[in-house]
Amino acid sequence: MITVRRAAAALIASALGFLASTTPLVPQDIVSVRATEENKAKLARSPLDLLMEWDHKLYLVLAPGDVSRLQSLGIPFALETGRLAVSPPPSAALSQGGLNGAYHSYAELERELLDIARDYPAIAKLFRLGTTLEGRTIYALKISDRPELNEDEPEVLFLGCHHAREWITVEVPLLLARYLTGEYDRDENVRNRVDSAEVWIVPLVNPDGLEYSIQTYRWWRKNRRLNDDGSYGVDLNRNYGYQWGADDEGSSPAPVSDVFRGREPFSEPETSIVRGLCESRDFRVAVSYHNFSQIILYAWGWTRRPSPNAAEYAAMAARMADLIRPVNGRDYTPEPACSLYLTNGDTVDYITGTLGIPAITIELPPLDIVHGGFMNAESDISSVFAENLPAMLYLIDDARQKFAASGDGERPGRPAKPKKGKLDALK
Ligand SMILES: [Zn+2]
């Protein structure tokens with residue numbers, strides 16, 4: 001009954017254009033408003049969750065209280081949920097066959113990781129790091145010669161998909177695994193890298209969220225924690241323990257918020273699992289993939305003060321941008337994470353602040369919501385990977401060079417190396 005009424009209201013709202021709706025809207029409904037400069041200015045000062053701009057409309061996801069916010073801002077809106085469920089906004093960037101097309105679901109990823117470990121046992125080993133609230137496994141693929149051993153080699157970490165709707169961030173690290181294993185016998189440069197480094201790839205930090213994004217609600221961001229107030233989800237990229245909850249601008253104490261930081265640092269299995277991996281290894285650099293915006297971020301996110309090694313991190317990020325640009329001509333902007341907006345409890349600050357190593361967040365294409373926002377076409381996957389590959393290889397090489405230069409691999413002025421080997425119990 002409610003569904004019928006809502007569908008009818010959507011049709012009416014759509015037919016009449018942008019009349020103020022009296023439809024009984026619920027959280028997570030999607031509404032659109034006219035994409036005027038006036039509306040943009042009003043929305044920029046509000047906590048409303050802007051999904052994308054398309055065809056002269058701004059699309060928003062409703063949280064509790066957002067209907068009255070829109071009304072008090074005097075912005076007419078139309079319900080879009082029903083229409084989007086059937087047919088998303090028309091865009092070349094939405095060409096995703098089936099539910100998730102060429103993108104990997106949890107099960108598809110799991111199968112592929114098992115295949116890689118089976119096909120390349122001499123250089124790839126799959127680790128089960130732990131399980132999520134809904135019982136899914138978070139996997140790490142280690143790529144190195146003699147992967148079953150803890151050799152004295154620099155370790156590099158690639159993380160994907162903290163945020164459920166950022167599907168392409170699973171694909172980029174996964175394709176790195178495919179590249180390093182597939183080219184090992186053919187390409188001497190790949191072989192040298194794999195033989196002299198340990199590359200750890202965790203392509204899917206948030207499997208519960210990804211599945212929810214594929215099956216139920218494409219724009220889901222958080223994990224699937226049932227919060228005390230009945231809402232769902234913690235923002236995993238606000239739940240790490242360094243400067244967690246430093247203020248309410250860089251994260252939110254409100255469970256319904258899209259940037260809810262959780263009840264305490266590392267309250268979520270996903271972040272706790274990444275912490276466990278970081279503490280049991282000796283990473284020299286880490287990268288966490290997100291989308292969208294085409295930016296390369298480094299510490300800090302929680303404060304506008306520069307981090308102690310900001311110059312070094314800035315140089316690394318600039319070098320990455322220089323390596324990415326020639327491939328497809330796309331510009332990625334290097335900048336401190338705080339220049340996007342303040343974030344506290346994120347991965348980069350945790351890794352830099354706790355481990356004392358460079359950590360990078362790459363916001364993959366597109367550039368903005370006008371070009372598709374979170375929705376990358378399937379045909380984007382290989383080109384986005386291709387443009388990022390030189391920067392990935394640079395980070396591996398940079399870690400190798402610094403490791404070789406420091407002799408025994410010690411890092412002067414940085415925290416002592418953690419003990420290796422804890423992970424062996426977690427196969
Ligand atoms: Zn993200």
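Two strands count as paired if DSSP finds at least two bridges between them, a strand being a DSSP run of E of at least two residues and a helix a run of H or I of at least four, both numbered from the N terminus. The model here is predicted, with local features needing pLDDT of at least 70 and side-chain atom pairs pLDDT 80 or more, while totals for chains, interfaces and linings use all residues. Residues are numbered from 1 along each chain as its sequence is written.

Six bridges tie it to strand β7 (residues 155-160), running parallel, and S288 of β9 is the bridge partner of L159. Strand β12 (residues 359-364) is also joined to β9 by six bridges, again in parallel, with V287 opposite I360. Nine of the nine β9 residues are buried (20 or more other C-beta atoms within 10 Å of a residue's own, C-beta atoms being placed from the backbone), so the strand is largely enclosed by the rest of the structure.

Next come the nonpolar cores, that is, sets of buried Ala, Val, Leu, Ile, Met, Phe, Trp, Tyr and Cys residues joined through C-beta atoms within 7 Å. The largest has 97 residues, and L141, V156 and I201 have the most contacts inside it. Helix α12 (residues 380-405) gives the most to this core, nine residues. Apart from it sits another core of 19 residues, including W54 and V67.

As for helix packing, α12 and helix α6 (residues 168-182) have contacts (C-beta atoms, placed from the backbone, within 7 Å) that involve, among others, L176 and Y179 in α6 and F385 and L389 in α12.

Technical notes. A residue is buried if 20 or more other C-beta atoms lie within 10 Å of its own, exposed if 12 or fewer, and partly exposed in between; C-beta atoms are placed from the backbone. Two residues are in contact if their C-beta atoms, placed from the backbone, lie within 7 Å.
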